[in-house]
Amino acid sequence: MKTLPQDGMWGGLLLWLVLATPAARGFLEASMSLQMLVQMPLLGLAGYLLARHLPERVRRVLASWDRGGVSGLLLAAVVSLPWMLPRLMDAALAAPWVELAKFTSLPLLIGLPLALSWPRAGLVVRGVFLMEMVATAFRVGWLYLVAPQQLCVNYLVDDQQRLGTALLVLGVLATLVLACQLMWGHPRGAALR
Amino acid sequence: MAMAWRTLLASLLVLVAGTVALALATDDFRAYTTEGARRLEVARHPRSLPEARLQTAAGGITDLDGLRGRWLLVDFIYTRCMTYCAMQGQGFARLQRELAPQLAAGQVVLLSLSFDPGRDGPAELAAYQRRLGGTTGAGWLAARPAGAEELATLMRAFGVVALDDGFGGFVHNAAINVVDPEGRLVAVLDQDALDEARDFVLARLGS
């Protein structure tokens, strides 16, 4: 991971606050694809940016429980699971406490550990994590694409199928990028170690 | 070495906590959708339904409370719907024939509630029943909530959500809702599970 620029110190917090505004929520939660492919990754990004502001002492303690980035990446992967379920995407719209859980768990339990653990992870751990992410994109994308019935009460079937298609496309793209990296190395020379 | 053990411990904790959280979020891995959760919840904890005034296809005003003492099979409709609501409506017409004795005896009532009361007046509701091969009256009530407040109350109580489909119609979580004689919603069945709905009430009527 490159060292992130220090200007925009509070970028993560600002991003989080912007996402929490009723206008942003209304817009990004109007469609299933926007909620899962834009709002949720941006919430993760907010946490990722916040990681820079963790005091050095806290980082050290966390690092001592996170050899090779294993527990941090596992945490990110596990927490991401429920938010792909139609039930929770619905509930986030209907129940404020679920929305609050989404707005806290995605930055703090996905984005933040990703930022801390990714640099610690070696080739094998990164490989397993990325393959699992790609596989999940295919699994969930396929499910949303072929499910004959509307899975969310708040989103229509065509929205659900668009999300499914988008996830499959993302899965294919990620696979291609990873394959290229494995064969020709990282474009900037910082190949997976 | 200590770091490896701590990492293993942390990872195990993450896995256990994640599994518990997922179990809680899905009713022990049984309901992954809101509709699935609604059905499970209703089956476990029957819901008492609120009072709500209804205007029937015959034009009269009745109350959901006034239907106590019989089994109700309730579906939510809007009469302009030409796709699967029509199938659901034909299903109710079929139930009207198959449950004729129980309907005549006042043990069971079929109730189609419109969630589009602005457009579905008594005339439209009666036409809907005729178009689908049913008979107005004879144990099949088609009705609309008497006001906007009643509509919201009913949809909330039954857990029905109707979305604008972008073509002037609605998409909604269609189902056959079973209400017991005490006025409690006790089961939510698939909209095409006609036999199941019929057998459900017949079994409880002991016939």
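## A salt bridge and the interface around it

The side chains of A:R87 and B:D27 meet in a salt bridge at 3.0 Å, N to O, where a salt bridge is a side-chain nitrogen of Lys or Arg within 4 Å of a carboxyl oxygen of Asp or Glu. This is a predicted model, in which local features need pLDDT of at least 70, side-chain atom pairs count only at pLDDT 80 or more, and totals for chains, interfaces and linings use all residues. Residues are numbered from 1 along each chain as its sequence is written, chains are lettered from A in the order in which they are written, and side-chain values use heavy atoms, with hydrogens and water left out.

Across the interface of chain B and chain A, the rule finds one salt bridge. For polar contacts, the rule finds eight residue pairs across this interface, both residues being at pLDDT 80 or more; a polar contact is a pair of N or O atoms within 3.5 Å, and within protein one must be able to donate a hydrogen and the other to accept it, while residues adjacent in sequence count only if both atoms are side-chain atoms.

Helices (H or I, at least four residues) and strands (E, at least two) are DSSP runs, numbered from the N terminus.

How much area do chain B and chain A bury between them? They bury about 2,100 Å², 72% of it on carbon and sulfur atoms, buried area being the accessible area (1.4 Å probe) that two parts lose on being put together, summed over both. Of the area that chain B buries against chain A, B:R6, B:V14 and B:T34 supply 22%, more than any other three residues.

B:D27, the partner of A:R87 in the salt bridge, is found in the loop between α1 and α2 of chain B, and it has a positive phi of about 50° although it is not a glycine. B:D28 is also found in the loop between α1 and α2 of chain B, and its phi, near 55°, is likewise a positive value in a residue other than glycine.
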